[in-house]
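Q: Please take a close look at one part of this model: how its secondary-structure elements pack against one another. Where do the contacts fall, and which residues make them?

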Amino acid sequence: MANGSRQAAWEFFGTELKRRREDAGLTQAELGYRVFVSGGYIGQFEQAIRKPQLDVASRIDEVLQTAGFFERTWRKLIDDRRYADYFADVVELERTATKICEFAPTLVPGLLQTAAYTRAVTLAGNPFATDAHIDDKVAARVERAQILAATPQPEYWVILHEHVLRIPVGGSAEMAAQLEHISGLAEQRKVLMQVLPTAVGAYPLMGRMVRLFEFEDAPPTAYTEAVYSGSLLDDPALVKRVQGTYDLLRAAALPPEASLAFITSVAEDYRRCASST
């Protein structure tokens, strides 16, 4: 579905939500209370400014007794085949978050990837894929990264383990370009970057990626990923625990200025390696 028609469909979703809410005699605040979001959040759904998560759409159906209409519509609209089913919600959260904090133990986060890096990673996991499939994955990743050029953009904090810098994804020249891209975003203050050195040894969340989202008028959410699966965590106590663990990672990592110097140094090593071959 093209972006224009998808937006029009979400506007239809919002119009129907408003109509059915009013038919039920509920204010935005009253409906929000019953489905565990703010009234302002309901208003943004109705104006197609934000998209609800699946569990919220399901609860709206229960409260408004709409026989699954909003859940079915959500599933149809969110079905972007460029993303795995478990990741589609995450893409929507990225677009609406005011703050994103991420820890990457093995891979450059998608929002920071260059097209060449994405292509190499996608091809490594899909050796028999068509060029069209690879191109779609790359285009989707580049599209996601546009939130860093938005106004206002979310506050974005990333901690990379040193392993991420040392794996030459795509080759030395491509990896140099990837690290230079990250350095450039840090210098432009698009991302606050820290590196967790290998010399630290054991660290919190060993080997596990995590992403934390904060929003203007919704509770924070955490996301973690495993093999071909991902989990959104919205239990307040659990999210608070993840936030505390992320703080421990911050404390163990190099400060931002030293991290930027580290990344730049590794990029220069890759450049020298590429020029000597």
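A: Start with the angle classes: under 35 degrees is roughly parallel, over 145 roughly antiparallel, 65 to 115 roughly perpendicular, and the rest oblique. The model is predicted, so local features need pLDDT of at least 70 and side-chain atom pairs pLDDT 80 or more, while totals for chains, interfaces and linings use all residues. Residues are numbered from 1 along each chain as its sequence is written, and side-chain values use heavy atoms, without hydrogens or water.

Take the pair α2 and α4. Helix α2 covers residues 28-35 and helix α4 residues 54-64 (DSSP runs numbered from the N terminus: helices H or I, at least four residues; strands E, at least two). They pack at about 115°, with axes 9 Å apart (axes are fitted to C-alpha atoms, for helices over the stretch in contact; angles run from 0 to 180 degrees between N-to-C directions). α2 and α4 are therefore roughly perpendicular. On the α2 side, Leu31, Arg34 and Val35 make the contact (heavy atoms within 4.5 Å). On the α4 side, Val56, Arg59, Ile60, Val63 and Leu64 do. By class, this contact of α2 with α4 has six nonpolar, no polar and two charged residues (Ala, Val, Leu, Ile, Met, Phe, Trp, Tyr, Cys and Pro are nonpolar; Asp, Glu, Lys and Arg charged; the others, Gly among them, polar).

Now α10 and α12. Helix α12 spans residues 256-275, and helix α10 spans residues 172-187. The packing angle of α10 and α12 is about 155°, with 8 Å between their axes. These two helices are therefore roughly antiparallel. From α10, the contact takes in residues including Met175, Leu179, Ile182 and Ala186. From α12, the partners include Val266, Ala267, Tyr270 and Cys273. The contact of α10 with α12 counts 14 nonpolar, three polar and three charged residues.

Serine 183 is one of the α10 residues in that contact. Serine 183 is buried, at a relative accessible area of 7% (buried is under 20%, exposed over 50%, partly exposed in between; 1.4 Å probe, protein chains only). Neighbours within four places in sequence aside, serine 183 touches Leu260, Ile263 and Thr264.

Next, the sheet. Six strands form an open sheet in the order β3-β2-β1-β4-β5-β6, with mixed pairing (two strands pair if DSSP finds at least two bridges). β3 (192-196) and β6 (229-233) are the edges, each pairing on one side only.

β1 has two partners to follow. Six bridges join β1 to β2 in the parallel sense; among the bridged residues, alanine 104 partners leucine 160 of β2. β1 and β4 run antiparallel over five bridges. There, glutamate 102 has arginine 211 of β4 as its bridge partner.

In a regular strand, side chains alternate between the two faces of the sheet. In β1, both faces are covered. Lys99, Cys101 and Phe103 are buried on one side. Ile100, Glu102 and Ala104 are buried on the other.

Alanine 222 bridges to leucine 233 of β6.

Helix α11 (residues 236-252) lies across β1 (99-104), β2 (155-161), β3, β4 (210-214), β5 and β6. α11 runs at about 115° to β4.
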